[in-house]
Amino acid sequence: MHVHQVSQAQSGRHASRQRLNPLLRLPIATQLTIGFLLAALIAAVGAGTAGARQNQTLSQEAAFYRSLSDNNTTLTTGTYYLEITQLALQSVVDDVSGPIVSAENLQTDTVALNNDIALVDHITQTNVTPGLDQQFPSVQSLISSQAHADAVRNFAIYSASANRAWQVYRNAVNDVQNLAHSGAATDLTNANQLVKSQAEPLDAEATSALRAIIRFNSQLGVRIQTESASQSQSQILLTGLAAVLGFIFILMVGIFISNGIVRRLGQLQRVALAIDGGDVEQRVPVIGRDEIATVARSVNGMLDTIVGLLEETRRQRDALTSAADRLFADMRVVGAGDLRVNAPVSNDPIGMLGNAFNLTIGRFRRFVLRTQGITDQLEVIARRLAGRTQHYHQAVSPGAPSQSRPGSSSVGPVTNSREVPEGTDTLNQSIFQARSVVTLLASEGKLAQLRQVLEVAEEVFLSARRLRQLTAGFSEARNRGTLDRLARLQEQEIGRLEGTLQQLGTMSYMLQRQMATELRDLNHTLDQIEQSISTVVNTRTAQAFPQGRESQVLQLATNYSREVHEITQELYLLTQDLRGGVVPFRTDGETMDFPVDRALSRAEP
Amino acid sequence: MASPGYKHGQMVWRVAVCILSLSLSACAVFPSPSAPLSGTLRVWGSSALDPLVRDAAQPFMQLHPGVTIDAQAIGSFNGLDAVTKGYSDTRISGKAEIGTSDVYADPALYPQPDLTDHLVAVIPFTMVVNPGVPITTLTKQQLINIFSLGTITNWKQVGGPDLKIIPVVRPPTSGTRATFRKYILDGRDEHGLLSTDVSATIRDTVAKTPGAISYLAKSYLDGTITPISIDGYDATAANIAAGSYNFWSFEHMYTLDDTPPLIASFLNFMLSPTVQALATKDGYLPIVSILPVQTPSASALSHQQEDVPRCMCTK
């Protein structure tokens, strides 16, 4: 739950950023394409616009300078023709002023003068009278509107000046021509005077006026040059500024995109480092819909799976620990001697151990019960045999004091009887031996063996405790190394536990083997008893007894031997029974660790 | 916790700022220092231009405290003499840096190759009469008859009262007279009461003399005299530009060397909007330079104007 809160908080913190960054919804390839396309578009538009503007300005300037050159050439030609006109006028006046007036010369000079005037008139009409915008159509777009207005007004003045001078000059020329053609002396004088006082200065002024226009045109050229220079400077500045702005824009787009990629990769890396350091609750914030977001989502899913597996492992370990605790409690109960326990069984290793434990304990319990039952029966049979033997003894030796004491101990005094025939000692000795074996079987051996089992069970308990400690260590473990080490320890412990349980099995097996050996001894002893009894009966039969009494004794001996035989048969059957109980346990003929002699001596009262 | 992405971004921003500041510093302009203007500038010549020169001298000397403008109205041709070879009379003597004129310098009379013409204004001239003459217009021919041929001597001949016409004329040094002769009298001589070339004196003479008629620059008009039109056309910019009113002239400033900072600065100042506005107020028609002229305040800060090409010379 905590993990979910953290991831929700992280995704909430990044939600606003995600809204601000719609690029992250596109695949990385598209993001990069958009970034580069934008950059290329900005560069292309900027360069194209600047180039187009520059081109337009340049073509306009070229057109202006061409018309400026044409105009000034024409106007310069005009100034030359003004001088020629003045010379032609002077020639006309000279023609009529001379002593001999040549009509042909006058005619030629007048035609030349009129041609010159017509030429200058044409130049004036084409290059002076039209306004500035007619002469230079592109000038309006090349200079500022204020400068254009000034230029138009100034040009109008210059144009008026030139026109005025030219018109007045033409009037003067007409006057001079009229005076010259009249032929009168005073008129000639006046014509000469008019040429000097009016025509010449006006010609000079018209020339000056044309030159003023030429100068003005040149000024216009300078102005346009300066303006276009400053324009191109500002254009360069603008281009530079646009380049810088474009660079910044491209940089921002680049940072925008690379931030989106690099930052999220960094988050991925941080989460990976945190997981490596043991903090499995870290999650990658999922931003956008591109490949990185997909990877982040996958990583988160993988982490969720890993954490779930870890949780599952912990739960299983806890279950194992509690099962081991329960098994240990059962073992303690068994160690205390209560074989009625039944450990819970399940599919886990501890449950299987419990199952094996149950099987072992059940088998052992059945064995002990059976052994107890057989021992009781043996005791009964032994007591019966002792009673029969005593009875027979009393019967064959009527003078002998009767032994009322039952059990095996009553056999002892029998050995001291002088009347005892040969073979009776052996019989007694065999019976005593049989009793010892039975006693050993019934009490001391079982006790010692159970103690051994208890010790082994203690070891199992200790193993379980260590397992629990290891389990606790799991929950505290933070890194993989510790986890590995704990897992190794746990494995070792389980191995050790397995060994212990094997040992437990071995002990049970040995106990069974010991039992089998002792029972074989018992069988052997009983065989000896049977033999001894036979010997005794034969000895008794061989002795000479009185006839009356002899048949009686024979009768008794016959009965006694039959009874002893029957008892022996029963003992044999019991022995077989014991052997049958031992059969399921494997015996490889190994020597037992359990010290039989010490157990025998301890069994002595 | 700073992510690697943020660190990367900060580094990129730093690089961007560095590039930006480098490019800006490369674009920065460092104005070069210049020495303040000083000295005396003699502007002698045309009486028609004199009022404008004096009007312009005041703000110019305020802008440049070390400068003195010496303006003298000595007549256009005397002004051309003063700038080319020097001039001397009872009051002043010497060579002017700038000679002003109402007329083009005839290359035949002033052959100096370095003589450079600077057009600074257009001055319309107008015929003026004594306020006692109730005439508003005269034809060009009537003026020829009055001033040159002498066939009209009484105002009643032109529809006025029975009053003798007294033409007041100027000496040959006057550019105004030359213009009058050229464009009104068609080159004829003028006859009349000879007065001085000082326009103010002529104005006063006309004002005091009943039946007097003369011509004046529009800059000298005031309430004491009455301007009249020629052929019905007044001395307006429109009439001048249309060619219907011919009695006007350029105001010229001639120099032999216009490169010294003081002269160049003053010539530019004359063409500045400030002075041209004064010119308009004074009755001149403005010629605002179409050359890139710096404003007076800007020229007061920096006098780097040598790189600006000046007017082409007219010889």
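**Helices in chains A and B**

A: In this predicted model, nine of the nine residues of helix α3 (residues 76-84) of chain B are buried, so α3(B) is largely enclosed by the rest of the structure.

Q: Okay, and what do the buried residues of α3(B) pack against?

A: Within chain B, they pack against the strands β1, β3 (87-88), β5 and β12 (248-255), and also against the helix α5 (175-183). The buried residues in question are S76(B), F77(B), N78(B), G79(B), L80(B), D81(B), A82(B), V83(B) and T84(B).

Q: Which residue just after α3(B) takes a positive phi?

A: That is G86(B), whose phi is about 105 degrees.

Q: Let's move to α2(B): how many residues does it have, and how far does it reach?

A: Helix α2 of chain B covers residues 50-63, which is 14 residues, and from its first C-alpha to its last it reaches 20 Å, close to the 20 Å expected at 1.5 Å a residue.

Q: Where does the kink in α2(B) lie?

A: It lies at A57(B), shortly before the proline P59(B), and amounts to about 25 degrees.

Q: And which residues of α2(B) are buried?

A: The buried ones are D50(B), P51(B), L52(B), V53(B), A56(B), A57(B) and F60(B), so the kinked position A57(B) is itself among the buried residues, given that a residue counts as buried when 20 or more other C-beta atoms lie within 10 Å of its own. Their packing partners in chain B are β1 (38-45), β2 (66-73), β5 (98-101), β6 (116-129), α8 (261-270) and α9 (273-282).

Q: At what angle do α2(B) and α9(B) pack?

A: The angle is about 140 degrees, and the two axes are 10 Å apart. Because angles over 145 degrees would count as roughly antiparallel, that value makes α2(B) oblique to α9(B). The contact is made by P51(B), L52(B), D55(B), A56(B) and P59(B) on the α2(B) side, and by T274(B), V275(B), L278(B), A279(B) and D282(B) on the α9(B) side.

Q: Is the crossing of α2(B) and α9(B) left-handed or right-handed?

A: α2(B) passes α9(B) in a right-handed crossing.

Q: What share of chain A counts as buried?

A: Of its 605 residues, 31% count as buried. Among the contacts in chain A between residues at least 6 apart in sequence, 76% join residues at least 24 apart.

Terms used: Residues numbered from 1 in each chain as written. Chains lettered and ligands numbered in written order. Predicted model: local features only at pLDDT ≥ 70, side-chain atom pairs only at ≥ 80, totals over all residues. Helix = DSSP H or I, 4+ residues; strand = E, 2+ residues; numbered from the N terminus. Expected span 1.5 Å × (residues − 1). Bend = angle between axes of the 7 residues up to and from the residue. Buried ≥ 20, exposed ≤ 12 C-beta atoms within 10 Å, placed from the backbone. Contact = placed C-beta atoms within 7 Å. Axes fitted to C-alpha atoms, helices over the stretch in contact; angles between N-to-C directions. Parallel < 35°, antiparallel > 145°, perpendicular 65-115°, else oblique. Left-handed = near helix turned anticlockwise from the far one by under 90°.
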